[in-house]
Amino acid sequence: MQPKIYFAKEHDIDASLIDLDALYVLEKLRHAGFTAYLVGGSVRDLLIKKKPKDFDISTSARPEQIKAIFQRQCILIGRRFRLAHIRFGHKIIEVSTFRTGENDSGLIVHDNEWGTPEQDVLRRDFTINGLFYDASNHSVIDFVGGWEDIQKHTLRVIGNPEIRFKQDPVRLLRLLKFQARYNFKIDPVTEATIKTCREEIVKSSPARILEEILRMLESGASAPFFRLLAEHDFLSILFPQLMHALHTPQGKMVFHYLTCADQLYQHKGKNILDRAILTACLIFPLLEQALHDDFLSCDRIPHIGEITMTASTLIKELLIQAFSHFPRRITSTVVSILVAQYRMTPLSGKRHYREKLFHHKDFDFALKFLKLRALVNAQYVDIYTSIRNQYHQTIHPGDRKHSHSSPRQHHHRRERRQPSSTS
């Protein structure tokens, strides 16, 4: 198969967006006599004028040869899928060897047969991720029609969708991830296969599925992603109790929280909210409803112990007992975040929290979640601002770098952007 090659005047990639360390790795591999290209998501993002988060490289060099070239800067990882990580301080450039030999059915259990660039790209999931970028002549190399699909904003599986989803069912979630992030349409053949292969998802590793879920929570597109999970009935398989809760009126508030978290990510960038804070977005509106049903509707205000028990029970039912159960290191922090909300904004309406709350190890997370609440409901803006100022005066006196913008400002910015919003 002859690839289509697109040169700089056709693709108009902004070379300044390419990581200099990635270019260094490419050049060093070529200098050693090997073929080496940028591949996958970085090429896709460059073509749609987005700054890539990661730069992956595929090469004709085998893992041991990559190790010999980069020596102590390189570590080899994985058994089923052998990879090289080239380290630049805390940054890692991932380098894989061109592969072939993918089986035609069943889960992939062994994946270290070396191949050509064409064979390698035919193994990848979607056409938009199947493009190479040759930095030596600034060309895009396309074996699978990915260029055209990017132009048409289309998501298409490389090869037979049913076979590809059965080989790795996590690809089903990745498909919805790209639809949520880029608002691309799914081609009809691929979309029809989602329903027939949906049950295959339980053959995946729960840990891999959870990691995809957590990454999407911090992607800036979590609200549309969870809507797609519900629409295609994946939540009923992976998080059945959460799916049931989302169908309730209060459950719809979960999407308001996710939307506000997405807006913070889109405005501020990566890693501004801990995963526990994002997970709390899935639980807090449901906790509010549970406290109303169990206590407030009976004219009784629950004490902190009862709130803690209710929150813990909800998390156990919705997240821990699910297929991809959330780990304790996240759920225990979520409980702290949720309970702290009722110390800062008591159900009695009387603010009587003590400053020792500021010294709790999870208070900073709780305060950031209160900021999210203020973005969802403007009545909490003044409370958030007051507690934030008092917190920083107590913990960081005289430290001006801790001054933050008011959630009210975010409300105003969001309102100006609303006409073009698709969430």
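Visitor: How many of the 14 residues of helix 18 are buried?

Guide: Ten of them, so helix 18 is largely enclosed by the rest of the structure. Keep in mind that this is a predicted model. The buried set is Phe363, Ala366, Leu367, Phe369, Leu370, Lys371, Leu372, Arg373, Ala374 and Leu375. As for length, helix 18 reaches 20 Å from its first C-alpha to its last, close to the 20 Å expected at 1.5 Å a residue.

Visitor: What do I look at when two helices pack?

Guide: Two packed helices are described by the angle between their axes and the distance between the axes. Take helix 17 and helix 18: their axes come within 9 Å and cross at roughly 65°, and the crossing is right-handed.

Visitor: Which residues of helix 17 and helix 18 meet?

Guide: From helix 17 you get Thr333, Ile337, Ala340, Gln341 and Met344, and they meet Phe363, Phe365, Ala366, Leu367, Phe369, Leu370 and Arg373 in helix 18. Sorted by type, that contact has nine nonpolar residues, two polar and one charged. For the spacing, there's a handy rule: an α-helix has 3.6 residues a turn, so residues three or four places apart point the same way.

Visitor: Are helix 16 and helix 17 parallel or oblique to each other?

Guide: Check the angle before naming it. The axes of helix 16 (residues 304-320) and helix 17 (residues 328-344) cross at roughly 140° and come within 10 Å. The pair is therefore oblique. Helix 16 passes helix 17 in a right-handed crossing.

Visitor: And which residues make the contact between helix 16 and helix 17?

Guide: Helix 16 brings Ile304, Ile307, Thr308, Ala311, Ser312, Ile315 and Ile320; across from them in helix 17 are Thr331, Val334, Val335, Leu338, Val339, Tyr342 and Arg343. Ten of the contact residues are nonpolar, three polar and one charged.

Visitor: What about Asn129, buried or exposed?

Guide: Asn129 is buried, with a relative accessible area of 5%, and lies in the loop between helix 5 and strand 9. Leaving out residues up to four places away in sequence, Asn129 touches Gly40, Gly41, Arg44, Arg124, Arg174 and Phe178.

Notes. Residues numbered from 1 in each chain as written. Predicted model: local features only at pLDDT ≥ 70, side-chain atom pairs only at ≥ 80, totals over all residues. Heavy atoms only, no water. Axes fitted to C-alpha atoms, helices over the stretch in contact; angles between N-to-C directions. Helix = DSSP H or I, 4+ residues; strand = E, 2+ residues; numbered from the N terminus. Parallel < 35°, antiparallel > 145°, perpendicular 65-115°, else oblique. Left-handed = near helix turned anticlockwise from the far one by under 90°. Contact = heavy atoms within 4.5 Å. Nonpolar A, V, L, I, M, F, W, Y, C, P; charged D, E, K, R; others polar. Expected span 1.5 Å × (residues − 1). Buried < 20%, exposed > 50% of the residue type's maximum accessible area, 1.4 Å probe, protein only.
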